[in-house]
Amino acid sequence: MCGIFGYLGNKNSIKACLNGLKLLEYRGYDSAGIATIKNGSLINFKASGKLISLEKKINIKNLNLDLAIGHTRWATHGAANEKNAHPHLDEMKNVAIVHNGIIENYDILKKDLQSKGVKFRSETDSEVIAQLIFKNYKKNLLDATLKTLKEVKGSLAIVVIHKNHPHEIVAATRESPLAIGFDDKKNEFIISSDPNAFSGRNLNVIFLKNNEIAHIKKNDLIVINLRKQKVHKKFEKLNSKNLIFSKKGFEHFLLKEIFDQPLTIQKAYLGRAIEDKGQVEFEHLNFTKKFLSKIDNIIVTACGTSYHASLIAKAYFEDQANIRTSAEIASEMRFKNLLITKNTLVIAISQSGETADTMAALKAAKAKGAKTLSIVNVQNSTISRFTDESIFLKAGPERSVCSTKAFSSQITVLYLFAIYLARLRDMKKREAILFLKELKKIPLKIRKVLKISSLINEQAKKYAKFDSFFFLGRNLMYPTAMEAALKLKEISYLNANAYPAGEMKHGPLALISNKLPVIAFCSNEKTYDKMLSSLMEAKARGAPILAFATKNSYGIEDIADDVIWLEKTTDELAIFPSSVAAQLFAYYVAKIRKTDIDQPRNLAKSVTVE
Ligand code: M6R
């Protein structure tokens with residue numbers, strides 16, 4: 001997590017840093033800080049909370065300097081307060097660093113330094129880096145950083161400045177992404193943990209690899225490895241369009257992104273589905289047809305919402321393409337005995353393409369020789385560069401921490417990919433045409449859900465007074481319920497327990513009372529009758545029931561207290577209208593509860609620590 005930004009060039013570095021941090025704030029907003037060098041001294045500004053608090057503390061006009069480093073933090077070691085905000089300085093205020101990652105041996109290093117009389121100001125693991133660089137400094141900042149890198153264990157992306165080097169930045173990385181952008185004349189250098197911060201600029205970009213160190217001086221950049229050998233880096237031309245971060249008149253990014261979905265689903269679909277031929281094509285997918293048609297085992301891995309998409313993927317790949325598939329929570333997968341053969345495909349799903357747990361799972365899979373595919377939203381992201389092949393969601397930037405449009409685009413791509421694999425096996429053209437036609441209707445069906453947003457708001461008003469919920473579903477409505485429950489937890493801070501409805505009688509039913517509503521997802525025909533029986537059992541014990549059900553379904557009105565009626569589609573695709581309705585429900589409950597909807601407490605958009 002956390003966002004790093006550094007600037008060296010001929011423009012106002014503080015202004016550049018603040019603008020860059022704005023683009024990175026989604027990575028963490030517990031605190032922010034900036035350091036620069038003025039008249040041979042380090043100046044450091046820090047504030048807890050969001051970037052706006054930092055901006056208020058800085059008078060840019062008095063600071064027309066050409067170098068600065070900044071950071072926006074998601075707390076790991078140490079509380080989310082100003083003291084622990086980055087940049088961190090050594091005790092003599094010579095060195096300033098910003099750091100992403102975790103220093104695993106910081107405790108030993110800190111104790112050692114303390115035993116030599118070094119005073120620490122923060123509770124963070126990061127501060128130890130600044131103190132070590134100062135200790136190792138002998139008039140050469142690059143050498144001091146290099147020596148320090150050999151002493152610290154763990155993951156890191158760091159950017160370092162020293163008061164005696166007002167035109168010099170050292171940046172290094174290990175297991176944590178760091179990119180450097182520069183113009184053709186090398187008048188400006190931007191260092192960032194995330195190429196999102198290069199928005200609006202046409203830059204040459206290099207991505208540092210493990211244990212590479214960049215030494216940036218005025219109009220000059222070299223990259224070396226830990227043995228101090230020069231590394232020749234190829235740069236990519238990044239023609240980054242200005243990312244439009246506008247709420248487009250909506251009160252929150254989340255609501256805008258929920259309403260974006262008819263369009264973003266279309267973007268994921270168009271150019272890939274060739275309906276009249278019953279074919280699917282993916283641009284730049286270079287796996288051989290021979291490999292694709294021999295795949296007999298797929299492992300899909302991801303975290304959070306993307307993991308819920310993996311559960312749907314499992315059903316799609318098994319039902320459409322008859323390929324055995326497992327869905328693995330990424331943070332668990334790397335500790336398992338992965339059964340990978342030459343016919344295994346490992347798919348990582350990630351909106352950000354930066355999630356550390358997903359990267360770790362991918363690395364474990366690659367180490368066992370797996371072929372890898374990523375389904376990601378952010379191009380040039382770490383995960384997309386690491387996997388053999390990538391399919392992009394094309395959903396555009398998702399600003400709200402709570403993922404919505406990325407999820408529906410993931411489901412769209414996964415459904416298309418299942419048809420793609422099935423057509424290489426035994427799915428008939430006629431069948432594929434029907435599947436594609438049904439998918440094509442989804443944006444329209446979602447529009448209809450969006451049209452009843454005020455009805456959903458009314459239900460939210462009724463249910464927002466409860467503190468705890470059961471979210472129930474069966475078949476594909478179970479992962480739908482899991483995803484819906486996550487939305488409610490994440491943005492309204494309420495307890496929401498997702499269960500496959502049939503499991504209730506095996507224990508959880510004991511919790512049911514009139515104080516614990518059931519939110520029921522009923523849009524799978526295959527399990528509809530069974531779902532009604534489970535709901536009867538909950539009703540008999542007094543649970544208030546709100547059901548999301550397909551229009552004209554029988555029986556549910558007699559059981560549920562309230563029903564939100566959704567458009568009919570197939571069991572496979574019912575997740576779309578159901579999850580959009582659930583997103584709206586969570587949004588309105590959160591609004592009533594007055595939470596921080598776009599940036600919920602304790603969270604970050606991109607989770608780059610394991
Ligand atoms: O960027 P990723 O898709 O890899 O992120 C995975 C999760 O951190 C993410 O989906 C998270 O669960 C969302 N905030 C949920 O809305």
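Analyst: Let's start with a term: a residue is buried under 20% relative accessible area, exposed over 50% and partly exposed in between, using a 1.4 Å probe and protein chains only. The model here is predicted, so local features need pLDDT of at least 70 and side-chain atom pairs count only at pLDDT 80 or more, while totals for chains, interfaces and linings use all residues. Residues are numbered from 1 along each chain as its sequence is written, and side-chain values use heavy atoms, with hydrogens and water left out.

User: Is F182 buried or exposed?

Analyst: F182 is buried, with a relative accessible area of 5%. F235, in contrast, is partly exposed at 45%.

User: How do I read an aromatic pair, and how many does the structure hold?

Analyst: Two numbers describe a pair of aromatic rings: the distance of the centres and the angle of the planes. Rings of Phe, Tyr and Trp (its six-membered ring) pair if their centres lie within 6.5 Å; planes under 30 degrees apart are stacked, over 60 edge-to-face, and the rest tilted. This structure holds 20 such pairs. Strands (E, at least two residues) and helices (H or I, at least four) are DSSP runs, numbered from the N terminus.

User: What does a tilted pair look like?

Analyst: Take Y463 and F466, whose centres are 6.1 Å apart and whose planes make an angle of 35°. Both of these residues are buried. Ring pairs also link Y463 and F466 with F469, F471, F521, F548 and F585 into a cluster.

User: Which charged residue sits over the ring of F207?

Analyst: The charged end of R385 does, 3.6 Å from the ring centre. The rule asks for NZ of Lys or CZ of Arg within 6 Å of the ring centre and within 35 degrees of the ring normal. K50 likewise lies over the face of Y29, at 5.7 Å from the ring centre.

User: Now the ligand: which residues come nearest?

Analyst: There are 15 residues around the ligand, and S306, S350, S352, T355 and E490 come nearest. To be in this shell, a residue needs a heavy atom within 4 Å. An N or O atom in the side chain of S350 is 2.6 Å from a ligand oxygen. A ligand nitrogen is 2.9 Å from a polar backbone atom of V401. The ligand taken alone exposes 410 Å², of which the protein buries 91%. Helices α9 (304-321) and α17 (477-492) each give two or more residues to the shell.

User: Where is the cis peptide bond?

Analyst: Most peptide bonds are trans, and most residues other than glycine have a negative phi. Here a cis bond joins H86 and P87, with omega about -5°. P87 lies in the loop between β4 (67-73) and β5 (88-89).

User: Which residue has a positive phi of about 55°?

Analyst: That is K186, which is not a glycine. K186 is in the loop between β9 and β10 (188-192) and is partly exposed, at 28%. N380, also not a glycine, has a positive phi of about 65°. Look for N380 in the loop between β20 (371-376) and α12 (382-386).

Key
Polar contact = N/O pair within 3.5 Å; in protein donor to acceptor, adjacent residues only side chain to side chain. Areas by Shrake-Rupley, 256 points an atom, 1.4 Å probe, with all protein chains shown as cover.
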